[in-house]
There are 2 protein chains.
Amino acid sequence: MTSPKQRVDDWLASFESALRARDVRAAADLFAPDGFWRDLVAFTWNITTVEGPDGVADLLAATLDEADPSGFEVTEEPTESGGVVEAWIRFETATGRGTGHLRLKPEGAWTLLTTLRELKGFEESQGGRRPQGVEHTLAKGRLTWAERRAAERQDQPYVVVIGGGQGGIALGARLRQLGVPSVVIDKNERPGDQWRQRYKSLCLHDPVWYDHLPYLPFPANWPVFSPKDKIGDWLEMYTRVMEVPYWSSSTVRSATYDAAAGKWTVTVERDGDTIELRPTQLVFATGMSGKPNYPAFPGQDVFRGEQQHSSQHPGPEAYRGKRVVVVGSNNSAFDICGALWEHDADVTMVQRSSTHIVKSSTLMDVGLGDLYSERAVAAGVTTDKADMIFASLPYRIMHEFQIPLYEEMASRDADFYARLEKAGFRHDWGSDGSGLFMKYLRRGSGYYIDVGAAELVADGRVKLAQGQVSHLTADGVVLEDGTELPADLVVYATGYGSMNGWVADLVDQPTADRIGKVWGLGSDTPKDPGPWEGEQRNMWKPTQQENLWFHGGNLHQSRHYSLYLALQLKARYEGLPTPVYRLAESHHRG
Amino acid sequence: MTSPKQRVDDWLASFESALRARDVRAAADLFAPDGFWRDLVAFTWNITTVEGPDGVADLLAATLDEADPSGFEVTEEPTESGGVVEAWIRFETATGRGTGHLRLKPEGAWTLLTTLRELKGFEESQGGRRPQGVEHTLAKGRLTWAERRAAERQDQPYVVVIGGGQGGIALGARLRQLGVPSVVIDKNERPGDQWRQRYKSLCLHDPVWYDHLPYLPFPANWPVFSPKDKIGDWLEMYTRVMEVPYWSSSTVRSATYDAAAGKWTVTVERDGDTIELRPTQLVFATGMSGKPNYPAFPGQDVFRGEQQHSSQHPGPEAYRGKRVVVVGSNNSAFDICGALWEHDADVTMVQRSSTHIVKSSTLMDVGLGDLYSERAVAAGVTTDKADMIFASLPYRIMHEFQIPLYEEMASRDADFYARLEKAGFRHDWGSDGSGLFMKYLRRGSGYYIDVGAAELVADGRVKLAQGQVSHLTADGVVLEDGTELPADLVVYATGYGSMNGWVADLVDQPTADRIGKVWGLGSDTPKDPGPWEGEQRNMWKPTQQENLWFHGGNLHQSRHYSLYLALQLKARYEGLPTPVYRLAESHHRG
C-alpha cells in the first residue's frame with residue numbers, strides 16, 4: 001500500500017521533472033482523462049481552467065517557458081477518502097511563489113489548483129517583514145507617519161478603483177500592502193455608507209466566517225450575521241486602520257483610454273472640484289449587481305402613487321398603513337416585503353417567475369458548514385483553506401457537488417416548502433437542482449436566503465400575486481390575467497444589469513460592447529447563456545479592454561480574488577512580464 | 001525517571017485531594033520552602049502573592065471553602081529545564097473557570113499562578129457563543145442593532161470608568177463583552193486623542209507584540225512601533241467596533257460615595273450639559289502617570305519666557321531657533337529634546353539624578369524577545385501565554401530574572417554607554433542592576449528607552465547640564481553650582497504624582513489618603529518605599545475605598561489586568577459572593 005503522502009510526492013516529482021524537461025505531453029498525461037487544472041494567475045496571468053490532458057498540454061505549451069516552475073512539495077500530510085487523495089502544495093515560478101491543492105485519482109490528477117501568492121522581491125510587509133514604524137536615528141526634517149500619509153494623497157495613482165464598497169476596500173487594502181499607488185473613489189460620505197443607507201433591518205445574509213476581509217479578521221465576538229450599521233462601521237474602521245487610499249464624496253464622471261500612452265484620463269468630482277487623474281489601470285468595483293433594471297410598463301406615467309427600483313427604496317418607515325406592491329420575488333423583494341409588513345404596510349408580492357428559497361439556518365449548516373462555520377474553524381479549516389477548497393472545485397463539475405446538498409436541504413425543510421407551495425408560491429432548485437451557489441455564480445439572481453420573510457408569504461401576511469405585469473393605472477398595478485392590485489407605492493425588485501453597463505456610462509458603448517457581459521459561467525441555463533466559459537466572465541482578470549478590470553462579488557469573493565487581481569496589477573506596476581494565456585472572448589453584450 | 005507530565009499530574013492530584021479534604025497543611029506542604037502562589041482573583045477575589053508553605057496555608061484557610069476548587073489538569077505537555085518542570089494548567093472553582101501555570105522543583109511547587117478566566121453561567125459571547133446578529137423570525141416592532149445601541153445609551157451604568165485612554169478602552173471592551181452596563185468617560189473629542197495630541201514624532205516605545213488590545217489583535221502588517229496618530233486611529237476604531245460605551249468631550253467634575261446606598265454620585269459635564277450618574281462602581285483609568293508634578297522653583301514668576309510641564313508641551317514646531325531648557329532626563333525629557341533638536345531649537349537637558357537608558361532594539365531583543373516578538377510568535381508563545389508567563393514570576397524574585405538580561409545589554413552596548421558617560425551623562429541600571437521593567441513596576445520612572453535621542457546627548461548636539469535647579473531669572477535657569485542656562489522656554493519633564501491625586505481632586509482628600517499611594521511594590525528602592533507589598537499597590541484590585549478601583553499601566557497591563565478587574569466587577573454586578581482575601585493596607589499617602 002502506497003501512503004497518500006507517497007502517492008502525492010511521486011506525482012509531484014513526476015510532474016516537476018516533466019516540467020523541468022519541458023516535456024508538455026508527459027506532464028499532461030499525469031492528469032486523469034476527466035482531470036482539470038485551475039490556475040489563478042500563477043502560470044497563466046489569467047484566471048483559467050483547462051480540461052483533460054489536452055487542455056493541460058495547451059496551457060503548458062503556452063506558459064511553461066515563462067513560468068519556469070519548480071519546488072513542488074506538500075505543505076502538510078495528505079489525506080485519502082473514497083480513493084481520492086487530497087494534498088496541499090506549494091511551488092515557485094520564475095516570478096512568484098504559489099500554493100495549491102491537488103486531488104489524485106488512480107488515473108492521475110483529478111483537480112489541480114495553482115494560485116500565485118506573492119511576487120519574488122515584492123513580498124508584503126507582514127510578520128517578520130512588518131514596518132518598523134519609527135527610525136531609531138533622529139534626523140532633521142524627517143517626516144512623521146501622519147506627514148507621509150498626507151503627502152501620499154498628492155501623488156498620481158497607478159490604479160483607480162471606482163467604487164468603495166467591500167470590493168473596492170478589500171482591493172485597496174491589498175494594493176496598499178503591495179505598495180501600488182492607488183485611489184479608491186466612492187460617492188458616499190463615509191466608507192460603509194453603502195450598507196448604512198439600506199433599509200434598517202438589513203443584516204448580511206452570509207455568516208461571519210464567510211465574510212472576513214483580508215489581513216484583519218473579525219473578532220471572535222462578531223455576530224454571525226452582521227447588522228448593516230455594524231458592517232458599515234467595520235468597513236469604515238478597516239479603511240482607516242488598513243490605510244486604504246480612499247476618496248469619499250467623490251464621483252467618477254468619465255474615463256477615456258489613451259492606447260498610445262497606455263493611460264486613462266479619469267475625471268472625478270470631489271467636494272465640488274473637478275480633478276483629472278491619469279492612472280494606468282482602471283478597476284470597476286461598482287457592485288457586481290451592476291446598474292438597476294428599471295422595467296418599462298405602460299401606465300407608469302399615469303400612476304399617481306410612488307414608484308421605486310428596489311435599490312432606491314428608503315425603508316419601510318414612511319409606508320405604515322400604505323398599500324405596497326412589490327414586483328419581484330428574489331432577495332430584495334422578500335427583504336423589502338418583510339420590513340414593510342413589520343411596519344404595518346399592506347404588502348403584495350408579485351411573483352413573475354419561479355424562485356429558489358433556502359432557509360438561512362439550513363444553508364449555513366448544510367451548504368457552508370464544512371468550510372465556513374465554527375465547526376470548520378474547530379476542524380482546522382482556516383478562512384484561507386476554505387477559500388482554496390472552494391476554489392479547487394472546477395465550475396464545470398461544481399453543480400455535481402452542490403446537488404446532494406440541496407437534496408438534503410429539501411428533505412430537512414420539506415414542511416416549509418410544502419407550506420410555501422400551498423400558498424401558491426412557485427419554487428425551484430435551479431434548472432439542474434444545484435441550488436443557490438450555482439444560481440449566484442451563473443446569474444447572480446433567482447433566489448432568496450430566507451431570514452424570516454418567506455413565512456409571511458406562506459401564511460398570507462404578505463399577500464402573493466402570480467403573473468406578469470400588464471400595466472399600471474392611476475391607482476395600482478394590473479396583471480396580465482386582469483388582477484388589479486391597488487397601490488400607493490410600487491417597488492420594482494427587478495434586479496440589475498451587467499456591470500459593463502457602468503463602462504458604457506463612464507467610458508463609451510463600444511468599449512462596453514467589446515468587453516461584453518460580466519459575471520456568469522456560460523452554463524446555458526436561464527440568464528447565463530453559453531458557450532461555456534469555464535470561469536466567471538470578465539471578473540478579476542484581463543478583459544478585452546486593455547488595463548480595464550472588474551472586481552466585486554460577495555465578501556468571500558472580494559476577499560479571495562482581490563489577492564489575484566492585486567498581484568496582476570502589482571506585476572504590471574513593477575514592469576514584470578505578464579503574458580496572458582487565452583484572454584477570454586466576449587460572446588454577449590450584456 | 002518520572003516524566004515531567006507524570007510529576008505534574010502527581011502534584012496536581014495530591015494538591016487537589018488535599019484541597020478536597022480541606023487539609024490546608026497538606027496542600028501547603030506541597031510547596032517548596034521558597035515557593036510562591038500568585039492568585040489573580042480565582043481564589044482570593046484579590047490580586048495576591050503568598051510566600052512559602054505558611055503563606056499558602058494562610059490563603060487556603062481563608063478561601064478554600066468558598067472557592068471549592070476542583071478539576072486541576074494540565075492543558076499541554078509539561079516541559080523540564082534545569083531541574084524545573086513547567087506546566088500549563090486549568091481548574092475550576094465554585095464560581096468560575098481558571099487557568100494557571102506551575103513550576104515544580106524537587107522540593108515542591110516553586111511558583112503557582114492561578115487566574116480566573118470566566119464566571120460560570122456568565123461566559124462571554126465568543127466563537128460558538130457569538131451573537132446571531134439577527135433573528136430569523138420577523139416581528140412587528142422589533143428593534144434593529146442600531147436602535148438597541150441607541151437605547152442603551154440612556155441606561156444608568158453600573159460602572160463608570162474615568163478616562164478613555166488605552167486602559168479605559170480595554171476595560172470598557174471587556175465590560176461590554178461581559179454585559180456589565182458601563183460608561184467610559186473622556187474629556188477628549190475622539191478616542192485616541194490622548195495620543196494624537198502629543199508631539200508629532202512620538203511612536204510607542206513598546207513593540208506591537210506587547211501592545212495588542214483584548215479580542216482584536218493588530219494585523220500582521222502593523223508597524224513594530226506604532227506612530228502616535230496610527231495608534232490613535234486604532235483606539236478610535238477599536239472603541240467603535242467593539243461597541244465600547246464611550247462618552248467623548250465629557251469631564252467628571254466630582255464623585256461622592258453614599259456608603260449606605262453603596263452607590264456613587266458622579267457629576268459629568270458633557271457637551272455643556274451637567275449630568276448626574278449613579279453607578280455602583282467607580283474606576284479611575286486616568287493614566288498610571290497620575291497628575292503632573294509641576295516643580296516649584298524660586299523665580300518662576302520673574303522668568304519672561306514660557307514654562308510648561310512636559311505633559312503640556314505642544315511639540316517642537318513653534319520653537320525653531322529658540323533656546324530651550326528641559327529639566328529632567330527620563331523618557332519625556334529625551335523625547336522632547338530629540339524633537340526640538342530635529343526642529344533646530346537650541347536644547348539643553350538638565351540631568352538632576354541618574355537615569356537608566358537602554359537602546360530600544362536591544363531591549364526588544366534581549367528583554368522582550370522571548371515573550372513578545374515575531375520569534376516568540378513563531379515559537380508558539382501567544383500573547384496570552386506571554387502575559388501568563390510574565391504574570392507567573394513573583395515580584396519578590398522578578399529582579400533575579402531581570403539582572404542577567406541587563407548584564408547582557410550592558411555588554412552588547414558597551415560602546416554606547418561609554419560614549420554617554422564620556423559626555424558626562426550619569427547612567428544607572430537600577431539600584432540592584434535589575435533594569436527597566438523593575439524601575440517601571442517599582443516607580444514608573446527613572447529610565448529612557450532610547451529611540452535615538454541618547455546619541456544627541458552623547459555627541460553634544462543636545463547640550464547636557466548636571467545638577468539641581470537653584471532658581472529662574474528673567475532670562476533663564478540657574479543651577480545650584482551657578483551655571484546659567486539662558487532660555488526662551490523651560491520644560492519641566494519632572495514626572496507625575498500618584499494616581500490617588502485624582503481621587504483627592506474628584507472625591508476628597510481623606511478618601512485619597514485612606515487609599516494611599518498607587519503603583520509600586522514596596523521594594524524599598526528609590527521612590528518605592530517599603531514595606532513589601534508583593535503586588536502593585538491598589539492596581540486592578542479592591543482598595544481601602546469600597547467600590548473604587550484603579551486601572552491602567554502600559555498596553556500589556558491594560559490588556560491583561562483588565563480581564564481580572566472586569567471579572568471582579570462582573571461578579572459584583574451579578575451579586576456573586578466575592579470575599580476578599582487580605583485587602584492590602586495603605587502605608588503611604590501618595
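Buried means under 20% relative accessible area, exposed means over 50%, and partly exposed lies in between. The exercises below use a predicted model.

**Exercise 1. Classify both ends of the salt bridge between B:K140 and A:D344, and say what the pair joins.**

Step 1. Take the distance. The closest N and O atoms of B:K140 and A:D344 are 2.7 Å apart. The cut-off for a salt bridge is 4 Å.

Step 2. Place the residues. B:K140 lies in the loop between β7 (108–119) and α4 of chain B, and A:D344 lies in the loop between α9 (331–342) and β17 (346–351) of chain A, so the pair joins two chains.

Step 3. Classify. B:K140 has 40% relative accessibility and counts as partly exposed. A:D344, at 37%, counts as partly exposed.

**Exercise 2. Describe the interface of chain B and chain A, and find the relation between the copies.**

Step 1. Count residues. Chain B gives 61 residues to the contact and chain A gives 61 residues.

Step 2. Take the area. The two chains bury about 5300 Å² between them, with 59% of it on carbon and sulfur atoms.

Step 3. Count charged pairs. The rule finds 12 salt bridges across the interface. A:E374 and B:R130 form a salt bridge, with their closest N and O atoms 3.1 Å apart. A network of salt bridges links A:R190, A:D193, A:R196, A:D233, A:E236 and B:R240.

Step 4. Compare the surfaces. 100% of the interface residues of chain B are also interface residues in chain A, so the copies meet through the same surface.

**Exercise 3. Work out the strand order of the open sheet in chain A, and locate the helices on it.**

Step 1. Order the strands. The 5 strands run β10-β9-β8-β14-β25, with parallel pairing.

Step 2. Find the edges. β10 (246–247) and β25 (548–550) each have a single partner strand, so one side of each is left without a neighbour in the sheet.

Step 3. Check one pairing. Strand β9 (residues 182–185) pairs with β10(A) in the parallel sense over 2 bridges. A:I185 has A:W247 as its bridge partner in β10(A).

Step 4. Helix α19 (residues 555–573) of chain A lies across β8, β14 and β25, at about 165 degrees to β25(A).

**Exercise 4. Is B:R149 buried or exposed, and which residues does B:R149 touch?**

Step 1. B:R149 sits in helix α4 (residues 145–152) of chain B.

Step 2. Classify. Its relative accessible area is 12%, so B:R149 is buried.

Step 3. List contacts. Not counting residues up to four places away in sequence, B:R149 touches B:R176 and B:E243. B:R149 and B:E243 are 94 residues apart in sequence, yet 8.6 Å apart in space, C-alpha to C-alpha.

**Exercise 5. Which parts of chain A does the salt bridge of A:D65 and A:R22 tie together?**

Step 1. Take the distance. The N to O distance is 2.9 Å.

Step 2. A:D65 lies in helix α3 (residues 52–67) and A:R22 in the loop between α1 (4–20) and α2 (24–28), so the pair ties together parts 43 residues apart in sequence.

Step 3. Classify. A:D65 is exposed at 63%, whereas A:R22 is partly exposed at 32%.

Conventions:
Residues are numbered from 1 along each chain as its sequence is written. Chains are lettered from A and ligands numbered from 1 in the order in which they are written. This is a predicted model: local features need pLDDT of at least 70, side-chain atom pairs count only at pLDDT 80 or more; totals for chains, interfaces and linings use all residues. Side-chain values use heavy atoms; hydrogens and water are left out. Copies are superposed by least squares on the C-alpha atoms of residues with pLDDT of at least 70 in both. Contact means heavy atoms within 4.5 Å. Two strands pair if DSSP finds at least two bridges between them. Helices (H or I, at least four residues) and strands (E, at least two) are DSSP runs, numbered from the N terminus. Axes are lines fitted to C-alpha atoms, for helices over the stretch in contact, and angles run from 0 to 180 degrees between N-to-C directions. Buried area is the accessible area (1.4 Å probe) that two parts lose on being put together, summed over both. A salt bridge is a side-chain nitrogen of Lys or Arg within 4 Å of a carboxyl oxygen of Asp or Glu. Buried means under 20% relative accessible area, exposed over 50%, partly exposed in between (1.4 Å probe, protein chains only).
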